[in-house]
Amino acid sequence: MAGNVAEKHITVASEDDTARIASALAEHLRAGDVVLLDGALAAGKTTFTRALVRAMGCDEAVTSPTYTIANIYETPKGPLLHVDAYRLKGAQEFYHLGLEDYLETGISVIEWGERIEGYFDAPLSIRIGFGEEETARVLTLTSDAPRWTQVLEALA
């Protein structure tokens, strides 16, 4: 990452705390935003996305798009594109999915975002790691895009 990198570490004790962070982030999201989620299996990427979709006013069942690769949820803020990039071999394969319209008009949340690193100009990256307690998680939010600096400052 070039330029000034904004970074914030948030430790949460439970899924409910993770949901509160996702809800706080949802308030700041707008069309064209991209959130890249990374972390080990079962770290909570889909849990985070589920809470984000709910906070954006959609009550559809949110599931990991592991096999479908992409799910789209209609929210009052516009479409939310939920992508699982785990099976993709890189940015070129992502491009060939043909999701450009959603990327421009909606909000995109991409699990395993590191697999397509470099595809987006100004994403917010969130790495979810395991904490010391079984239900605890450490969220590391980073971006070098000025758009995210105030957002990160606003998150608890």
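Modeller: The questions and answers below go from the whole chain to single residues.

Biologist: How far is the model trusted, and which element has the highest mean pLDDT?

Modeller: This is a predicted model in which local features need pLDDT of at least 70, side-chain atom pairs count only at pLDDT 80 or more, and totals for chains, interfaces and linings use all residues. Residues are numbered from 1 along each chain as its sequence is written, and side-chain values use heavy atoms, with hydrogens and water left out. The pLDDT, the predictor's confidence in each residue from 0 to 100, averages 92 over the chain, and 97% of the residues score at least 70. Among the elements, helix 4 (residues 100–105) has the lowest mean, 87, and the highest, 97, belongs to strand 6 (residues 124–130).

Biologist: In what order do the elements run from the N terminus?

Modeller: Helices (H or I, at least four residues) and strands (E, at least two) are DSSP runs, numbered from the N terminus. The chain has five helices and seven strands. Their order is β-α-β-α-β-β-α-α-β-β-β-α.

Biologist: What radius of gyration does the chain have?

Modeller: The C-alpha trace spans about 40 × 40 × 30 Å along its principal axes. The radius of gyration is taken over C-alpha atoms, and the globule rule is 2.2 Å times the number of residues to the power 0.38. For 156 residues a compact globule would come near 15 Å, and this agrees with the chain's value of 14 Å.

Biologist: Which residues have the most contacts inside the largest nonpolar core?

Modeller: Buried means under 20% relative accessible area, exposed over 50%, and partly exposed in between (1.4 Å probe, protein chains only); buried residues make up 47% of the 156 residues in the chain. A nonpolar core is a set of buried Ala, Val, Leu, Ile, Met, Phe, Trp, Tyr and Cys residues joined through side-chain atoms within 4.5 Å. In soluble globular proteins, nonpolar side chains tend to be buried together. The largest core here has 32 residues, and those with the most contacts inside it are Leu25, Phe48, Leu52, Ile126 and Leu139.

Biologist: Which elements each supply at least two residues of this core?

Modeller: Apart from this core lies another, of 14 residues, among them Val83, Ala85, Leu88 and Leu99. In the largest core, the helices that each supply at least two residues are helix 1 (15–26), helix 2 (45–55) and helix 5 (149–154). The strands that do so are strand 1 (6–12), strand 2 (34–39), strand 5 (107–111), strand 6 and strand 7 (137–143).

Biologist: With which residues is Glu7 in contact, leaving aside its neighbours within four places in sequence?

Modeller: Glu7 lies in strand 1 and is partly exposed, because its relative accessible area is 48%. The C-alpha atoms of Glu7 and Leu139, 132 residues apart along the chain, are separated by 10 Å. Contact means heavy atoms within 4.5 Å. By that rule, and with those neighbours left aside, the partners of Glu7 are Thr140, Leu141, Thr142 and Leu152.

Biologist: Is Trp112 buried or exposed?

Modeller: Trp112 is found in the loop between strand 5 and strand 6, and has a positive phi of about 60 degrees although it is not a glycine. Lys45 lies over the face of Trp112, at 4.1 Å from the ring centre; a charge sits over a ring if NZ of Lys or CZ of Arg is within 6 Å of the ring centre and within 35 degrees of the ring normal. With a relative accessible area of 15%, Trp112 is buried.

Biologist: What type of pair do the rings of Tyr119 and Phe120 form?

Modeller: Rings of Phe, Tyr and Trp (its six-membered ring) pair if their centres lie within 6.5 Å; planes under 30 degrees apart count as stacked, over 60 as edge-to-face and the rest as tilted. By this rule the count comes to four aromatic pairs. The rings of Tyr119 and Phe120 have centres 4.9 Å apart and planes at 80 degrees, so the pair is edge-to-face.

Biologist: Which residues do ring pairs link into a cluster?

Modeller: Tyr119 counts as partly exposed at 25% relative accessibility, whereas Phe120 counts as buried at 15%. The cluster linked by ring pairs consists of Phe94, Tyr119 and Phe120.
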